Amino acid sequence: MDIKQLIEELEDVLDNASSVPFSRKVSVDPDEIFEILNEMRNSLPEEIKQAQWVNEEKDRILAEAENEAKLKVQDANDQIQKVQEQARAQYQRLINENEITQQAKRQANQILQQANQEANNIKKKSYEYVDKLFLGSEDNFKQLIQTLEMNRKQILNQKK
């Protein structure tokens, strides 16, 4: 049985217990209560294992996202370097042509601007992608935390 079912069973025992007249006290069979508590204790390790698994999954997902982000950034940097090298090479060719040196300088500057703009776009898209991954993970973990907190509150409320 899981913890929730055992708590419900404990509630049933208390609900069905005979009450002491003129008080809120009830009479219960201690053996029955101890049996339920023992079952709860025995089922706790499974709940803990599930929580540990969730935590390990979270770490794995975050590590994957970080690795993927690093790869995307590295790819973007490689593309930036490649575009810049191509721009420099073209710039050098244009300078070497004596008749159109001025035109070559303007074109080289345009190529460099385009390369930088394209590099910035690639970086921006990479960061947006990584941000989406982290946001999705964050939402999943928020939901998990809310569920765990709700379960904890239910257990604490039952204890009162």
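A: A salt bridge here is a side-chain nitrogen of Lys or Arg within 4 Å of a carboxyl oxygen of Asp or Glu. By this rule the predicted model holds five salt bridges. Side chains of opposite charge can pair when their charged atoms come close.

One of these pairs joins Arg-60 to Glu-64, with the closest N and O atoms 2.2 Å apart. Because Arg-60 and Glu-64 are four residues apart in helix 2, about one helical turn separates them. Arg-60 is partly exposed, at a relative accessible area of 38%, and Glu-64 is likewise classed as partly exposed, at 44%.

The side chains of Glu-66 and Lys-70 also meet in a salt bridge, with an N to O distance of 3.4 Å. Both residues belong to helix 2 and lie four residues apart, about one turn of the helix. Glu-66 has a relative accessible area of 41%, so this residue counts as partly exposed. Salt bridges with shared partners link Glu-57, Arg-60 and Glu-64 into one network.

A further pair is formed by Asp-59 and Lys-58, whose side chains meet at 3.3 Å, N to O. Asp-59 is partly exposed, with a relative accessible area of 40%; Lys-58 is partly exposed as well, at 23%.

The surroundings include buried positions. Ile-61 and Leu-62 are touched by Ser-137, when residues up to four places away in sequence are not counted. Ser-137 lies in helix 3, which covers residues 101-159. Its relative accessible area is 8%, so Ser-137 is buried. Other residues of helix 3 are buried too, among them Ala-104, Ile-111, Val-130 and Phe-141. Helix 3 has 59 residues and spans 85 Å from its first C-alpha to its last, close to the 87 Å expected at 1.5 Å a residue.

Notes. Residues are numbered from 1 along each chain as its sequence is written. This is a predicted model: local features need pLDDT of at least 70, side-chain atom pairs count only at pLDDT 80 or more; totals for chains, interfaces and linings use all residues. Side-chain values use heavy atoms; hydrogens and water are left out. Helices (H or I, at least four residues) and strands (E, at least two) are DSSP runs, numbered from the N terminus. Buried means under 20% relative accessible area, exposed over 50%, partly exposed in between (1.4 Å probe, protein chains only). Contact means heavy atoms within 4.5 Å. The expected span of a helix is 1.5 Å times one less than its number of residues.
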